[in-house]
Amino acid sequence: MNSRSLAVSISSLMSQSLLLLFLLPPPENSAGIHQFQKSILPFMHLLSVSHIAATVSLLSISRKRKRIHYSDEDSDRGSGIPQTPDSFKKFFGMKSSTFEWLCGLLDPLLDCRDPVGAPLNLPSEIRLGIGLFRLANNADFPEISSRFGVSEEDSRFCVRQLCRVLCTNYRFWVDLPSQSELESVAARFQLLTGLPNCCGIIGCSRFQSGKLSVATQIVVDSSSRILNIVAGFHGYKSDNLILRSSSLYNDMTQGSKLNSPSFPLYFVGIGDYPLLRWLILPYSDPKLRSEEEKFNNVLHRMQISWLKAVKSLRKWGILNGENGVQIEERKTMVAYIGACSILHNMLLMREDYSSFCEEIDDDYHIELESKTVSDLEGDHGAVLLRRALCSKVSACNV
């Protein structure tokens with residue numbers, strides 16, 4: 001079990017155990033009641049609202065989840081949930097088994113904040129389906145309302161709630177991993193390319209909706225799993241400026257990340273970044289058949305994982321402007337980017353490649369070449385490190 005799954009399991013077990021203690025019937029005598037409350041209440045601060053909602057739902061016999069069964073016929077208007085595997089991929093960007101897993105995972109949280117005095121009274125699979133249908137197809141709310149048989153207002157609420165739950169409760173899916181995990185990432189890159197100590201590929205992409213452009217800094221591993229993401233910058237800002245405005249840059253410059261003398265780690269950059277000791281770039285204009293050109297070719301192979309991640313994100317209709325439905329508010333677009341990034345990692349973990357980009361077309365190779373701008377403000381230590389890595393690649397004959 002990986003560290004993220006283990007963290008979820010431990011958190012869930014802790015919350016359920018504490019809440020079970022709280023729900024136990026207290027002793028009958030008053031002194032016993034007082035002692036019981038004193039012993040239990042100090043632990044209740046450890047439970048967040050989402051923990052309590054999740055645990056209560058698990059304890060409730062009337063709300064035990066039932067396995068979702070589907071018939072062989074496709075969905076009709078008003079039912080919303082498709083009935084065939086191909087339709088699931090089209091409507092929700094995932095397999096039916098992944099939809100069912102996700103529904104069970106999010107069930108306690110999707111309906112814990114219904115509008116006061118106006119509960120939606122919708123099952124979790126409908127709430128999840130509404131949110132995913134919006135993300136996967138960029139469908140407008142009249143279309144969603146018609147397909148799922150709910151009001152437009154309820155449709156908007158379900159979409160917002162799904163994004164809120166993912167970006168709040170499951171943010172750790174796109175948080176930068178620990179030092180030991182990054183070392184494992186580096187080992188996989190070295191196995192693929194022979195280049196040691198690279199713990200991720202970093203670059204910026206712009207997601208467009210009408211006149212709205214949101215720049216997003218993305219770090220990925222060799223499998224295109226997103227290791228870190230920062231969204232919300234105006235699209236016209238340069239990659240270098242976005243990097244310097246991010247918490248990742250502050251962590252790197254202050255030495256709180258990748259700070260291991262015995263195992264120096266670095267990122268490989270795509271874009272107009274400075275050459276730094278923790279950020280290695282290709283050479284600009286290398287000579288034909290030189291060591292530098294060979295080194296660049298290795299970096300370009302590594303950068304393909306970043307391009308696949310970005311193109312996979314763009315397969316979500318909400319991020320590629322599918323159907324021409326435009327998003328007006330920046331904060332809404334940022335929530336969509338965050339939700340799709342977390343779903344991207346969840347699908348990879350499930351080995352569900354319904355929304356994954358397996359091939360990179362010529363346009364993306366052109367984008368890669370256009371982003372390869374190096375040697376901006378490179379310090380002497382970074383220049384020496386890149387030269388050492390270049391010699392390593394040449395010696396390995398990769």
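This is a predicted model: local features need pLDDT of at least 70, side-chain atom pairs count only at pLDDT 80 or more; totals for chains, interfaces and linings use all residues.

Trainee: Then what makes β1 and β4 a pair?

Mentor: Four bridges join β1 and β4, in the parallel sense, and pairing takes at least two. One example is isoleucine 202, whose bridge partner in β4 is glycine 269.

Trainee: How many bridges join β4 to strand β5?

Mentor: Two, and these strands run parallel. The cut-off is at least two bridges, so β4 and β5 count as a pair. Here valine 268 has isoleucine 280 of β5 as its bridge partner.

Trainee: Why is strand β4 called largely enclosed?

Mentor: Look at residues 266-274: eight of the nine residues are buried, so the rest of the structure largely encloses β4.

Trainee: And why is asparagine 197 called buried?

Mentor: Its relative accessible area is 19%, and buried means under 20%. You'll find asparagine 197 in the loop between α9 and β1.

Trainee: Is asparagine 121 buried or exposed?

Mentor: Exposed: asparagine 121 has a relative accessible area of 67%, and exposed means over 50%. Asparagine 121 sits in the loop between α5 and α6.

Trainee: What is phi in those two asparagines?

Mentor: Phi is near 55° in asparagine 121 and near 75° in asparagine 197. Both values are positive, in residues other than glycine. Most residues other than glycine have a negative phi.

Trainee: How do you know that the length of helix α9 agrees with what it should span?

Mentor: At 1.5 Å a residue, the 15 residues of α9 should span 21 Å, and the end C-alpha atoms are 21 Å apart, so the two agree.

Trainee: Which residues of α9 are buried?

Mentor: Leu182, Val185, Ala186, Phe189 and Thr193. They lie on the same side of α9, because they cover an arc of only 100° around the axis. Among what covers them are β1, β2, β3 and α12.

Trainee: Which members of the largest nonpolar core touch the most others?

Mentor: Phe92, Leu135 and Phe267, out of 105 residues in that core. Helix α12 gives the most to the core, with 10 residues.

Trainee: What is leucine 135 in contact with, leaving aside its neighbours within four places in sequence?

Mentor: The list includes Leu162, Trp316, Ile318, Tyr336 and Leu343.

Key. Residues are numbered from 1 along each chain as its sequence is written. Side-chain values use heavy atoms; hydrogens and water are left out. A nonpolar core is a set of buried Ala, Val, Leu, Ile, Met, Phe, Trp, Tyr and Cys residues joined through side-chain atoms within 4.5 Å. Buried means under 20% relative accessible area, exposed over 50%, partly exposed in between (1.4 Å probe, protein chains only). Contact means heavy atoms within 4.5 Å. The expected span of a helix is 1.5 Å times one less than its number of residues. The arc is that of the directions from the helix axis to the C-beta atoms.
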